[in-house]
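Open the model in your viewer and keep the selection panel at hand. The tour below goes from one selection to the next.

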Amino acid sequence: MRVIAGEFKGRPLKSVPTHKTRPTTDKVKEAVFHGIGPFFEGGKALDLFAGSGGLGIEALSRGVDSCVFVDQQQKAIQTIYENIKTLDINERTEVFKTDAMRAIKAAGKRGLTFDYIFLDPPYKKLSYQDLMEALLEFELVGEHATIVCEHDASEKIPEEVGRLKRMKTDHYGSNIGVSIFE
């Protein structure tokens, strides 16, 4: 795994040493960022189900100001911290070891809003509808926010959730789908 473009282009990233996470491939990561960017002039990102932190770190490398990383697995949290330290981006990041719904509620209580939200939960384990409804309910979705959902290609993804509309869905291979909401 590596950073694809931007400030940290080509820098290697550690992956989580467990079978419980599924890192986003470089091919999918590159396609996602070309679809939503490819570069940014600031903004805040939320990398929910962060794993190694690859999506949030890519966003930081491409110009996002700050990123909040959330994962509930200790090995993932350790890996995120190692990647943050390697790239010396500690001051631009926050890392939380908790489940997604608790993180959403806590961020809402803090009044945080995000411009880019990356949702990459374990395939077929959580409802994207429920996740996006919670993001909206706790007012985490910025006015012109983009939400990227990585999912199993066979999974049904809603067309709309509240004010969020699915702009496109792309498939990579036979089992990876990416849907982008605005």
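How many cavities of 30 Å³ or more does the structure hold? It holds one. A cavity here is a set of points on a 1 Å grid over the protein atoms alone where a 1.4 Å probe fits but cannot get out, and lining residues have an atom within 4 Å of a point. Points are joined across faces, edges and corners, and a volume is the space filled by probe spheres set on them.

This is a predicted model, in which local features need pLDDT of at least 70 and side-chain atom pairs count only at pLDDT 80 or more, while totals for chains, interfaces and linings use all residues. Residues are numbered from 1 along each chain as its sequence is written, and side-chain values use heavy atoms, with hydrogens and water left out.

Select Val32, Leu55, Leu119, Asp120, Val148, Cys149, Glu150 and Val178, which line the largest cavity. Its volume is about 40 Å³.

Next, select the aromatic rings. Rings of Phe, Tyr and Trp (its six-membered ring) pair if their centres lie within 6.5 Å; planes under 30 degrees apart count as stacked, over 60 as edge-to-face and the rest as tilted. The count is three aromatic pairs. Phe33 and Phe40 make an edge-to-face pair, 6.2 Å centre to centre with 70° between the planes. Phe33 and Phe118 make a tilted pair, at 5.6 Å and 40°.

Finally, select Arg62 and Phe39. The charged end of Arg62 sits over the ring of Phe39, 5.6 Å from its centre (CZ of Arg or NZ of Lys within 6 Å of the ring centre and within 35 degrees of the ring normal).

Conventions:
On a 1 Å grid over the protein atoms alone, a cavity is a set of points where a 1.4 Å probe fits but cannot get out, and a pocket is an open set with protein on both sides within 12 Å along at least five of seven lines; lining residues have an atom within 4 Å of a point.
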